[in-house]
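Trainee: I am new to this structure and would like to go through it with you slowly, one question at a time.
Mentor: Gladly; let us look at it together and begin with a single residue before we widen the view.

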Protein chains: 2
Amino acid sequence: MKTLQVELEGRSYPIYIGESIYCNLSLLKDFIQSKQVLILTNELLADLYLDALVKQLSEYQVASCILPDGEQFKNLTILNQIFDVLLSERFSRNATLIALGGGVIGDMGGFAAACYQRGISFIQIPTTLLAQVDSSVGGKTGVNHALGKNMIGAFYQPKCVLIDTKVLATLEDRQFSAGLAEVIKYGLIRDLEFFEWLEGNMDALMARNPDVLAEAIERSCKNKAEVVNADEFESGVRATLNLGHTFGHAIETGMGYGKYLHGEAVAIGCCQAADLSYRLGYLTDRDVERIERLLVRANLPITPPKELDAERFIELMAVDKKNIDGDIRLILLKKIGEALLPMPVARSLLEQTLNNYGRN
Amino acid sequence: MKTLQVELEGRSYPIYIGESIYCNLSLLKDFIQSKQVLILTNELLADLYLDALVKQLSEYQVASCILPDGEQFKNLTILNQIFDVLLSERFSRNATLIALGGGVIGDMGGFAAACYQRGISFIQIPTTLLAQVDSSVGGKTGVNHALGKNMIGAFYQPKCVLIDTKVLATLEDRQFSAGLAEVIKYGLIRDLEFFEWLEGNMDALMARNPDVLAEAIERSCKNKAEVVNADEFESGVRATLNLGHTFGHAIETGMGYGKYLHGEAVAIGCCQAADLSYRLGYLTDRDVERIERLLVRANLPITPPKELDAERFIELMAVDKKNIDGDIRLILLKKIGEALLPMPVARSLLEQTLNNYGRN
């Protein structure tokens, strides 16, 4: 088992990465504050993992809340179901919430923990590749609004993150590929060496070779932790983690939550950001092709949905957390392995990318 | 104009107290982050004050969100209406929310500001006595859940609080009295001198004598600020501000939000807490009578609603943020002017108070 540390003043916490550790009580118990434990999960994962986890927690007063599976359920209405359970069970401010699931469960569980009685403890047990390499680390929590993705939320850090690489065995291929989009993103924004390693190991990764997979997860988490350590509340460099996300969120919101997986939308968005970086003279056309090639090898889409034209894209992108006074600001690549801080882009240039990239 | 300061590391802010300052742009403008300003208010207050405030803010991009008036609308569903407006207006993370209203508007506005894009700036302009002396200061924000009051929320501090004593002229008597419950509470928990001053000045206060009223507000805010400065996140002494609130919240939830005003429920709760403090040997029967007398002079109710029996009270009180592992913990008085930290109370004794106090 490997341990990484997220170092935040007064809110530091460990990330454990290992095989078959998701219900390891000796790891968990130091982070459970009292007898009261709520396990939040979804229908699919409850069948696979809930019983084993509940069994390990037999000395606690355990309740569970099982949500429907999918991004389209990440909203305030479904969030309220978590509060229903916490209150029906008379859970106190010293209760602990365990989020056992992918990005949706982690984001909602973290936000519910942030808000319930103005804050209870929570633990992340991410079960998808995307959640393991990205969303479970760093304390971004929240829900979607019909008009914008992740628009309602909180910065709220978990007490620990428990990454069990073995649970990925049950992950369906499409979800696995979606996770690889965020893995590749780390290479693109700040780690050329990792990007090159991914080029060399994508076949083994797609075959889910355990050692290669473990290394990819660890290197991703290390990148994520370093960025979060440097800028917890996204006043600067943390925004670079959003490469491809402004385009991606527009795709998710515009097409209806759940139609594209988050990672799929991010993959397309990364290509659009690369195209724009090329138009601005930062990347060469060969850089763009190289990025596309790696994403395609990860079985990810790279062209935007035909349903969204440039005008609609811009309308959707006008709602983004990086924008200032309504100006759209984007993360672009200076080169492969180095991102630029959020910058406004001339509308005409943005339209060129939106009208031309992947539109043949 | 008087200025008090809430001193919190990195989140300090001023409380301005004065006449006709609610739309004083020179005070406001230092705390507005960008061109985008949302004014949150309710139907009643919009008619009275919205136009004048909007006029002062003519150089900004101002939107307004007008909510229905009342505690029964302080919930997640209505909260979402605020996000609807923020998103429809394409408001960015550097937007500023001004909460112009009583406790409900302040609590919801603060919570919306805490959650929108994971946090935007907000300014409190409290328009009820209760909001001016209590809820606008200290950063407790949130909404109710059908099963418990203020159960969903955040600690989130405003950038400034602007208390205009003149707006109280339009406050109806019942609301004014409700505010006095929190004023009297400060005397009870930590300021005997203030309690005695209130005994000497209650008639002038009820007549809304401007000087007496201004002094009551200032002394209340000073007490509130001192407690919050000492314990922002309620790990200790801040809980004493909750004198009467566990009983009070049970009354509000049990009778249906909006039936009793918050201050009315707190007044009754203070009497129940005093009765329990008497049964535990802390207060004398004359202390209890003295407390009752002052509340009655403020035209506040002091007996619990007949509809709630002891069993139902206890059921409702089992959901409270001070509880630990489901044990009900209460704020009691050691004497008039000094509160005890939250403590568990034997159920038999609690039942004595619930069955006997005000039940004749």
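Trainee: Is A:Leu147 buried, exposed or partly exposed?
Mentor: Keep in mind that this is a predicted model. A residue counts as buried with 20 or more other C-beta atoms within 10 Å of its own, and as exposed with 12 or fewer. A:Leu147 has 15 other C-beta atoms within 10 Å, so A:Leu147 is partly exposed.

Trainee: Where in chain A is A:Leu147 found, and which residues does A:Leu147 touch, not counting residues up to four places away in sequence?
Mentor: A:Leu147 is found in the loop between strand S7 (140–145) and S8 of chain A. Leaving aside residues up to four places away in sequence, A:Leu147 touches A:Val319, B:Leu87 and B:Ser88.

Trainee: Which element gives the most to the side of chain B that touches chain A?
Mentor: The contact takes 33 residues from chain B and 33 residues from chain A. On the side of chain B, helix H3 (76–88), helix H4 (103–115), strand S7 (140–145) and strand S8 (148–155) each supply at least two residues, and by class that side has 14 nonpolar, 13 polar and 6 charged residues. With 6 residues, the element that gives the most is S8(B).

Trainee: How are the two copies related?
Mentor: Chain B can be laid on chain A by a turn of 180° and a shift of 0.0 Å along the axis, with an RMSD of 0.0 Å. The C-alpha of chain B nearest the axis belongs to B:Leu76, 3.6 Å from it, and 100% of the contact residues of chain B recur in chain A. The turn and the shift thus relate the copies as by a two-fold rotation axis.

Trainee: Turning to chain A on its own, which element gives the largest share of the side of domain 1 that touches domain 2?
Mentor: Chain A is divided into domain 1 (2–170) and domain 2 (173–356), with 25 Å between their centres, taken over C-alpha atoms. In the contact, 28 residues of domain 1 meet 30 residues of domain 2, and strand S1 (2–6), strand S2 (13–18), helix H5 (129–135) and strand S8 (148–155) each give two or more residues to the side of domain 1. That side has 13 nonpolar, 9 polar and 6 charged residues by class. The largest share, 5 residues, comes from H5(A).

Trainee: Which strands of chain A stand at the edges of the open sheet, and why is one side of each left without a neighbour?
Mentor: The sheet has 7 strands in the order S1-S2-S9-S6-S5-S3-S4, with mixed pairing, and the twist averages 20° from one strand to the next. An edge strand has a single partner strand, so one side of it is left without a neighbour in the sheet, and the strands in question are S1 and strand S4 (61–67) of chain A.

Trainee: Which helix of chain A lies across S3 and S4 and runs at about 160° to S4(A)?
Mentor: Strand S3 (residues 36–42) of chain A runs parallel to S4(A), joined to it by 7 bridges, and A:Thr41 stands opposite A:Ile66 in S4(A). Helix H4 (residues 103–115) of chain A lies across S3, S4, strand S5 (96–101) and strand S6 (121–126), but its angle of about 170° is to S5(A). The helix that runs at about 160° to S4(A) is helix H3 (residues 76–88) of chain A.

Technical notes: Residues numbered from 1 in each chain as written. Chains lettered and ligands numbered in written order. Predicted model: local features only at pLDDT ≥ 70, side-chain atom pairs only at ≥ 80, totals over all residues. Domains from an automatic or database assignment. Contact = placed C-beta atoms within 7 Å. Nonpolar A, V, L, I, M, F, W, Y, C, P; charged D, E, K, R; others polar. Pairing = 2+ DSSP bridges. Axes fitted to C-alpha atoms, helices over the stretch in contact; angles between N-to-C directions. Least-squares fit on C-alpha atoms with pLDDT ≥ 70 in both.
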